[in-house]
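Dear colleague,

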Amino acid sequence: MTTITLMTDFGIKDGNVGVMKGVIWNIAPEAHIADLSHMIGPQNIPEAALILSRSVPYFPPGAIHMVVVDPGVGTARRPMAARIGDAFYVGPDNGIITIWLERALEEDRTCEFVELQEPKYRLPVVSHVFHGRDIFSPAAGHLAAGAPLSAFGSAFNDPVKIELPKPTRTQHSFKGEVIHIDHFGNVSSNIRQEHLGEALKHKEKINVRVGDTMIKGMVDTFGERPAGDLVALISSTGYLFAAVVNGSAAQMLGSKVGDVVEAIF
């Protein structure tokens, strides 16, 4: 049985997510469907790229990851399917795969891309504004049912990539920025554990500046500090982030995406 994940900026109020599942199950009734998130910020492609990249490794080989965060729906942007390493992507060619693709290429994994053109792998009537239902869900269903990637349309080798902020190294620090604020108000940066490297052996000596606020030393767990304390630590997916124990760092700091974060050795 094939696993299909769904990620959208649709929310769950209006039935659109359920309709897409119905289209998939009509084609591939045995498919397992997992909801990654339907609370991506409206049209927030960088957020979708981040959530997708950190989720893909935890699914079985052959999983199909369908993402519908698609501000260009109905325009000249390509609808696409791709094989990236041992998994598949279905969705708009608008940069959502950027982080996932970069890591796959660094690991020398095979990547293939096709434009979704073949009418028999779409619904009979395709609207201008709901390609998630009419193009992407049928494609994911047919992939799950065994259709080869090459059957969907013409191959290409220039998928869209978006420019994402990279941390920079200074003499005594890594300087990055806030890239995500989660449900708990945790403030995640683009500085990763591999950037900090050997310095993490002495994490208590790493000071973390978020905006104008300095956090003295890092911790491993929330429980190392009392409720209400502002702490810095490495997330379960390897990113440096700030949190308030049993509270919201975003609220305490007034943080927003793009604010400066600096890890000072």
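This is a predicted model: local features need pLDDT of at least 70, side-chain atom pairs count only at pLDDT 80 or more; totals for chains, interfaces and linings use all residues.

Phe130 is buried, as its relative accessible area is 13% (buried means under 20%, exposed over 50% and partly exposed in between, with a 1.4 Å probe and protein chains only).

Residues are numbered from 1 along each chain as its sequence is written, and side-chain values use heavy atoms, without hydrogens and water.

A search of the whole structure gives five aromatic pairs, that is, rings of Phe, Tyr and Trp (its six-membered ring) with centres within 6.5 Å; planes under 30 degrees apart count as stacked, over 60 as edge-to-face and the rest as tilted. The ring centres of Phe10 and Phe130 are 6.0 Å apart and the planes stand at 80°, so this pair is edge-to-face. Because Phe10 lies in the loop between strand E1 (3-8) and helix H1 (16-27), and Phe130 in the loop between strand E6 (111-115) and helix H4 (131-144), the pair ties together parts 120 residues apart in sequence. Helices (H or I, at least four residues) and strands (E, at least two) are DSSP runs, numbered from the N terminus.

Arg78 lies over the face of Phe156, 3.8 Å from the ring centre (CZ of Arg or NZ of Lys within 6 Å of the centre and within 35 degrees of the ring normal).

Asp108, although not a glycine, has a positive phi of about 60°; this residue is exposed, at 69%.

Yours sincerely
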